[in-house]
Amino acid sequence: MSGNDNLRWLDNLPVGWAQLYRDLLSDLATNGITVCVDDAKEKFGTLRVHLEPRVPEARPYIAAAEEQSQVTCQKCGEPGELLMRNRIVATLCPVHGAGFSKPARPPVVTVYMKSVDISDE
């Protein structure tokens, strides 16, 4: 997949993070790291980028972009913070965060795991 193919994920991202995502792809290319983005999205108020296959050299760049998304308004790209309203978590600036409030603690994510018996019995 070419770098331009990775841009198709912009449609899945909040508008305010478009430049953040473009900068991530540019940083990877500048450093000679070729990636195929399998998924890019907002989840729990932060940017998530998944590669297939995984490219370990890309992880620090992705982590930096995900961290930057925590302080970048997902609506406009201005400085923002993680806010909540009715269990909705979003990173928003003061203008777009009207009606949201700062959580007392970081959001809790519950993951349910189903056990699977893989024995030969």
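Is Gln-74 buried or exposed? In this predicted model, Gln-74 counts as buried because its relative accessibility is 11%, which falls under the 20% limit for that class.

## The loop residue Gln-74 and its surroundings

Gln-74 belongs to the loop between α3 and β3. Leaving aside neighbours within four places in sequence, Gln-74 is in contact with a stretch that includes Pro-14, Val-15, Gly-16 and Trp-17, with Glu-42 and Gly-45, and with Ala-90, Thr-91 and Leu-92.

Ala-18, a residue of helix α2 (residues 18-30), lies 56 residues from Gln-74 in sequence, while the C-alpha atoms of Ala-18 and Gln-74 are 8.7 Å apart in space. Ala-18 also counts as buried, because its relative accessibility is 16%.

## The hairpin of β1 and β2

Strand β1 (residues 37-43) and strand β2 (residues 46-51) run antiparallel and are joined by six bridges. Together β1 and β2 form a hairpin with two residues between them, and in the turn Phe-44 has a positive phi of about 55°. Within this pairing, Lys-41 stands opposite Arg-48 of β2.

Asp-39, which is found in strand β1, counts as buried because its relative accessibility is 18%. The side chain of Asp-39 makes a polar contact of 3.3 Å with the side chain of Lys-41. Beyond its neighbours within four places in sequence, Asp-39 is in contact with Trp-9 and Asn-12, and also with Arg-48, Val-49 and His-50.

Asn-12 is located in the loop between α1 (3-6) and α2, and with a relative accessible area of 41% it is partly exposed. Once neighbours within four places in sequence are set aside, the contacts of Asn-12 are Asp-39, Ala-40 and Lys-41. Asn-12 and Ala-40 are 28 residues apart along the chain, yet their C-alpha atoms are separated by 6.7 Å.

## Nonpolar cores

The largest nonpolar core has 21 residues, and those with the most contacts inside it are Tyr-21, Val-35, Val-37, Val-49, Leu-51 and Ala-58. The elements that give two or more residues to this core are α2, β1, β2 and α3 (59-69), and the largest share, six residues, comes from α2. Ala-58 is in contact with Leu-28, Ile-33, Val-35 and Leu-51, again leaving aside its neighbours within four places in sequence.

Apart from this core lies another, of six residues, among them Cys-73, Ala-90, Leu-92 and Cys-93. Of these, Ala-90 and Leu-92 are residues that Gln-74 contacts.

## The hairpin of β3 and β4

Strand β3 (residues 81-85) pairs with β4 in the antiparallel sense over five bridges, and Leu-83 has Ala-90 of β4 as its bridge partner. The hairpin of β3 and β4 has two residues between the strands, and in it Asn-86 takes a positive phi near 50°.

Strand β4 (residues 88-92) is largely enclosed by the rest of the structure, because four of its five residues are buried.

Key: Residues numbered from 1 in each chain as written. Predicted model: local features only at pLDDT ≥ 70, side-chain atom pairs only at ≥ 80, totals over all residues. Heavy atoms only, no water. Buried < 20%, exposed > 50% of the residue type's maximum accessible area, 1.4 Å probe, protein only. Contact = heavy atoms within 4.5 Å. Pairing = 2+ DSSP bridges. Core = buried A, V, L, I, M, F, W, Y, C linked by side-chain atoms within 4.5 Å. Polar contact = N/O pair within 3.5 Å; in protein donor to acceptor, adjacent residues only side chain to side chain.
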